[in-house]
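This report looks at an aromatic contact, a pocket lining and strand pairing. The structure is shown below.

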Amino acid sequence: MRDLLLIALYAFLGAAAAGLLGAAALRMLRRRSVAASLTVVAAVAVSAMLAGTLAVAWAMFLSSHDLAVVTTVAATAAAVSLGTALLVGRQVVLRCRELVGAARDFGEQGTFTAPAVPAPAELAALSRELALTSERLAASRARERALETSRRELVAWISHDLRTPLAGLRAMSEALEDGMAADPARYHRQMRAEVERLNSMVTDLFELSRIHAGALCLSPTRMSLHDLVGDALAGADALARAHGVRLAGGGVAALPVEVDGKEMTRVLSNLLVNAIRHTPADGTVAIAAERRADAVVLTVTDACGGIPEEDLPRVFDTGWRGSRARTPPSGAGLGLAIVRGIVEAHSGHADVHNVPGGCRFVLTLPSTP
C-alpha cells in the first residue's frame with residue numbers, strides 16, 4: 001500500500017509540474033489563435049503523462065532500456081496528439097476566418113450570408129443567430145423606410161392643407177379690413193369654418209403624436225357596444241344628412257366591451273365620417289357588430305366603390321390618402337392612422353377589405369365576459 005501511495009505521489013508531482021507550465025503558456029497565449037491553445041492543451045496532456053511516467057520510473061529505479069522504451073512511447077503519443085491538435089485547430093481557425101469574413105460583409109452590405117462549409121456546432125449556432133439578426137435588421141430597415149415615406153408624405157400634405165385655409169383666412173381678413181366684403185357675416189362664418197378645420201387638423205396631429213410616443217393613456221370601463229354605436233351615429237347624423245347618405249346601425253346588440261369610451265367614440269366617428277365623405281348621395285353607410293369566440297368584431301361598410309387592391313395595405317398609414325382624396329375636405333390623412341393606433345392600444349386589430357360596391361372596415365376587440 002505504501003508503494004502505491006509513493007507512485008501516486010511521484011506521478012502527481014510530475015503531472016502537476018507539467019500542468020503549471022501549461023497553464024502559464026495558456027495565459028501567455030490567451031490572445032492568440034485557437035490552434036495555439038489547442039496545441040498547448042494537447043502538449044500539456046502528453047507532457048503530464050510523460051512527466052508522471054518518468055518520475056515513477058526514476059523512483060522505481062528502472063533500467064535505462066525500460067526508461068528509453070517508456071520515453072519513446074510517450075514521445076510518439078505526444079507527436080500524434082500535437083499533430084491532431086494542430087489539424088483540429090487549423091480547421092477551427094479556417095471556419096472562424098470564414099465567419100469573420102461573412103460578418104464583415106454583413107456590416108458593409110447589411111445582409112448576412114452564412115458560410116457554406118460545415119462548421120463546429122458553436123460556430124454554426126453563432127452563424128444562425130447572425131442570420132436571424134440580419135433578417136430582423138432587414139425588417140426593421142423596411143419599417144423605417146415605410147415610416148420615413150409616411151412622414152415625408154405627411155409633412156407635404158399637411159403643408160398643403162394648412163396653406164389653403166391660411167391663404168383663405170388671409171384673403172378674407174384683408175377684404176374685411178379694406179371694407180371690400182359685400183357680406184361680412186358670410187365671411188365671418190367662412191372664417192370660423194376654416195378655423196374649425198385647422199383646429200381639427202392640429203387636434204389630430206396631437207392625438208397621433210401621443211399614439212406614436214406611447215403616451216396614450218386609456219381609462220377602460222365596461223360599457224355596451226350598442227351605446228357606443230348610438231352615440232357615434234348621433235354625432236355623424238348631421239354630416240350624413242348634408243351628404244344625402246343613409247346611416248344604418250340601430251340594431252347593434254348590447255354586447256359588453258371594456259374600452260375607453262372617449263377614444264372608441266373617436267374611432268367610430270372617424271370611420272363614419274370617412275365613410276360618409278366617400279359614399280355618393282343616396283348611398284348607405286352601415287355599422288354592425290357580432291361576438292366571436294374570443295373577440296367582438298365591429299364593422300363599418302360604405303358604398304365608396306372600393307379601394308384599389310394595391311392601396312389596401314397603406315390605408316392605415318400615417319398621412320396616406322388615395323389619389324381621389326387630395327381635396328381639402330378630406331383632411332390630412334390622419335383619421336385612419338388614429339383609428340389603428342387607438343384600436344391597437346386596446347389590444348385589438350383594425351383591417352379593411354373590399355366588398356361589392358364599397359369597402360368594409362373591421363375592428364376586432366377583445367371580448368368581455
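## Aromatic pair, strands and pocket

Phenylalanine 361 has a relative accessible area of 2% and is buried. The model discussed here is a predicted one. Phenylalanine 316 is also buried, at 6% relative accessibility, where the cut-off for buried is under 20%.

A search of the whole structure gives 1 aromatic pair. The ring centres of phenylalanine 316 and phenylalanine 361 lie 5.9 Å apart with the planes at 90°, so the pair is edge-to-face; the class requires planes over 60 degrees apart. Distant parts of the chain are linked by the pair: phenylalanine 361 belongs to strand β7 (residues 358-366), and phenylalanine 316 sits 45 residues away in the loop between β5 (295-301) and α8 (335-345).

Strand β4 pairs with two strands, β2 and β5. A hairpin of 3 residues connects β4 to β5.

| Strand pair | Sense | Bridges | A bridge partner pair |
|---|---|---|---|
| β2 (residues 246-248) and β4 (residues 284-291) | parallel | 3 bridges | alanine 248 and alanine 286 |
| β4 and β5 | antiparallel | 6 bridges | glutamate 290 and valine 297 |

The second largest pocket has a volume of about 220 Å³. Residues lining this pocket include Arg143, Ser150, His212, Asp317, Arg340 and Glu344. Two or more lining residues come from each of α4 (121-178), α5 (184-212) and α8. By class, the lining of the second largest pocket consists of 4 nonpolar, 4 polar and 4 charged residues.

How values were computed. Residues numbered from 1 in each chain as written. Predicted model: local features only at pLDDT ≥ 70, side-chain atom pairs only at ≥ 80, totals over all residues. Heavy atoms only, no water. Phe/Tyr/Trp six-rings, centres within 6.5 Å; stacked < 30°, edge-to-face > 60°. Helix = DSSP H or I, 4+ residues; strand = E, 2+ residues; numbered from the N terminus. Buried < 20%, exposed > 50% of the residue type's maximum accessible area, 1.4 Å probe, protein only. 1 Å grid on protein atoms, 1.4 Å probe; cavity = no way out; pocket = protein on both sides within 12 Å on 5 of 7 lines; lining within 4 Å. Points joined across faces, edges and corners; volume = space filled by probe spheres on them. Nonpolar A, V, L, I, M, F, W, Y, C, P; charged D, E, K, R; others polar. Pairing = 2+ DSSP bridges.
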